[in-house]
Amino acid sequence: MAARHRRRTAVFAVIAVLVALPAAVGCDAVNKALDCVQTADSIADSVTNLQQAVENAANDPTQTDESLNAIENNLDKIGDKTDNADVNKAVDDLNKAVGNVRTAIKNGDNTPDVSPVTDAAGELTKVCTP
């Protein structure tokens, strides 16, 4: 009888662990997704600021650089928090687009094409949506 009780207790313990495990993993996944969405939202704001900065580059060329820095900082946050291949690809694509804008500005283009940045930010937002 004691062996049967111990076996039942062990079964209940295993069931409790198995039930708790997906909940813990699920919460972690939800938190990562929320971090991704929030950071993608910040990036979207930075992309809007970048578009405005490029339009007003003649008035204040430093705004463009500040907007690019904000995007890169937010990309670092997402890259550090995810192991999702789609998110990482979107982050890489957006980093590349930002780098291309920086290169264009460095080469004297006062109104670089920011549409690849906008497109890559849209893709990031799409893959971050839970």
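What share of the 130 residues of the protein chain counts as buried? The figure is 25%. The model is predicted. The protein chain holds 4 helices and 0 strands. From the N terminus on, its elements run α-α-α-α.

**Overall contacts**

- Take the contacts in the protein chain between residues at least 6 apart in sequence: 70% of them join residues at least 24 apart.

**Nonpolar core**

- The largest nonpolar core is made up of 23 residues.
- Inside this core, the residues with the most contacts are I43, I71, L94, V117 and L124.
- Four helices contribute: α1 (2-55), α2, α3 and α4 each supply at least two residues of the core.
- Helix α3 gives the largest share, with 7 residues.
- As a general point, nonpolar side chains tend to be buried together in soluble globular proteins.

**I43 and its partners**

- I43 is among the core residues with the most contacts inside the core.
- Setting aside neighbours within four places in sequence, I43 contacts I71, N74, L75, I78, L94, A121 and L124.
- Three of these partners, I71, L94 and L124, are also on the list of core residues with the most contacts.

**N74 in helix α2**

- N74 sits in helix α2, which spans residues 62-81.
- Is N74 buried or exposed? N74 is buried, because its relative accessible area is 10%, and the cut-off for buried is under 20%.
- Not counting residues up to four places away in sequence, N74 touches T39, S42, I43 and S46.

**Packing of α3 against α4**

- Helix α3 covers residues 85-106 and helix α4 covers residues 115-128.
- Their axes come within 9 Å and cross at roughly 165 degrees.
- Angles over 145 degrees count as roughly antiparallel, so α3 is roughly antiparallel to α4.
- The crossing of α3 past α4 is left-handed.
- On the α3 side, the contact is made by D86, V87, A90, V91, D93, L94, A97, V98 and V101.
- On the α4 side, P116, V117, A120, A121, E123, L124, V127 and C128 take part.
- How many residues of the contact of α3 with α4 are nonpolar, and how many are charged? The contact has 14 nonpolar and 3 charged residues, with no polar ones.
- L94 of α3 and both V117 and L124 of α4 belong to this contact; L94, V117 and L124 are also among the core residues with the most contacts.

Terms used:
Residues numbered from 1 in each chain as written. Predicted model: local features only at pLDDT ≥ 70, side-chain atom pairs only at ≥ 80, totals over all residues. Heavy atoms only, no water. Buried < 20%, exposed > 50% of the residue type's maximum accessible area, 1.4 Å probe, protein only. Contact = heavy atoms within 4.5 Å. Axes fitted to C-alpha atoms, helices over the stretch in contact; angles between N-to-C directions. Parallel < 35°, antiparallel > 145°, perpendicular 65-115°, else oblique. Left-handed = near helix turned anticlockwise from the far one by under 90°. Nonpolar A, V, L, I, M, F, W, Y, C, P; charged D, E, K, R; others polar. Core = buried A, V, L, I, M, F, W, Y, C linked by side-chain atoms within 4.5 Å.
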